[in-house]
Amino acid sequence: MRALLTRAAELAAGYRAGLPDRPVATATAPAFGGPLPDGPASPSEVLEELARAAEPGLVATAGPRFFGFVIGGALPAATAADVLAAGWDQNAFNAVLSPAAAAAEETAGRWLKDLLGLPATASAGFVTGGQGANTVGLAAARHHVLAEAGWDVERDGLAGAPRVRIVASEERHATIDRALRLLGFGTSAIEPVAAGRQGAIDVDDLRSTLDAGSGPVIVCLQAGNVNTGACDDLRAACEAARAHRAWVHVDGAFGLWAAANPATAPLLDGVELADSWACDGHKWLNVPYDSGFVFCARPDVHAEAIAYRAAYLTGAGEVSGMGDLTLESSRRARGFAVWAALRELGRDGVAELVERCCRLARRFAGRLAAGGAEIANDVVLNQVLVSFGDVDVDALVRNVQADGTCWLGGTTWRGRRHLRISVSNWSTTEADVDRSAAAILRLAAETRQ
């Protein structure tokens, strides 16, 4: 086992060391085909075969010039911690199964709440990502607003229950819709609210929408528009929602990290007034997949909505911040890598990471604008929307990805196609931005011809 894990670490370290010089995308298919062999193979043989088969199909998402999907690359300490987590092979369902995993999650959760400006008394569930966090947060919301209306949704389901109003921005992320589908509300329950020029919710329209109905209501707000980075006016929106006894859920998959940086924290003024919050770790915190967080201002509601009990499960039903607060029973011990990332960076390091990515996004926008590109958004966080008046955006996206200098995707914003650039990686430098911007401008000129 020692030799095997040492070799695995060597292979992983070699790959990571080569990321700055590696083409970001790949056009080669990995070699995993063929029938299942009849006989066994030695672990060392399997490891080498796996590495050879996967290598051609690896995309350098962990590298400094991957600018798609608002994802980072795992920090060194977080990567090493995840290697340890795999070796320790802990089931993080509760403290009975792993006191170490429970302690890591408890401390990391406390540190996260402090960094993100959330109530110290809130619960913290370590989920798979933004989708899991939004689903759990909205499950807690469902439990609370229906209990307030005298309905036990966990016992009686939604058939015959009071209708729950879901009030959400027209610019909400699609994971909100999927969570509503999975929770039995359906997307037709959404009462859409208009958004302003940059995609933040129109608070006046929110008030009007809330005033137009009655009954149990859940309001979904957003910190960090997935296209523009814009943040809703959380203070004004939460106050409007409170006037209607609404539960407020904030989808802050990447934008919630703005609270950790003094320069961007004002964008999240009032975030503590909400009832639940969703956030990703594998985005701006740069921890390995899969890692996300759901926080709830009412820990009892969080546990009542999610936990289950069985006679054989020692410790089940305890509010431990582990399996009772997430949708999985057999859980990877995500807290080790999160603790390691936060310990490596410290408070100042997290703030600097957020600020540096925002600064690099502004640099990206400036370089592209100087070369004739149109920047469609105010670059308030790490998102940049780019277009060229006479260039087919989708063709340019394909050419950029094939070129391999950097990787980005396309999006539709206000009826127009744009390049979508997300600067989220701890290792990205000014040189990476300048090199990538030059490649985009070069390829735009070639695509135009």
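Two strands pair if DSSP finds at least two bridges between them; strands (E, at least two residues) and helices (H or I, at least four residues) are DSSP runs, numbered from the N terminus. The model is predicted, so local features need pLDDT of at least 70 and side-chain atom pairs count only at pLDDT 80 or more, while totals for chains, interfaces and linings use all residues. Residues are numbered from 1 along each chain as its sequence is written, and side-chain values use heavy atoms, without hydrogens and water.

Strand β2 (residues 165-169) and strand β3 (residues 190-193) are parallel and share four bridges. Ser 169 has Val 193 in β3 as its bridge partner. With helix α7 (residues 174-182), the strands β2 and β3 make a right-handed β-α-β unit. Right-handed means that, with the strands pointing away from the viewer, the path from the first strand over the helix to the second runs clockwise.

Another part of the chain holds an open, antiparallel sheet of four strands in the order β8-β9-β11-β10. β8 (374-375) and β10 (409-413) are at the edges with a single partner strand each, so one side of each has no neighbour in the sheet. Strand β9 (residues 383-387) pairs with strand β11 (residues 416-422) over four bridges, and Gln 383 stands opposite Ser 422 in β11.

Arg 65 is in the loop between α2 (43-54) and α3 (76-88). Is this residue buried or exposed? Arg 65 is buried, with a relative accessible area of 2%; buried means under 20%, exposed over 50%, and partly exposed in between (1.4 Å probe, protein chains only). Beyond its neighbours within four places in sequence, Arg 65 has contacts (heavy atoms within 4.5 Å) that include Pro 20, Trp 407 and Asp 432.
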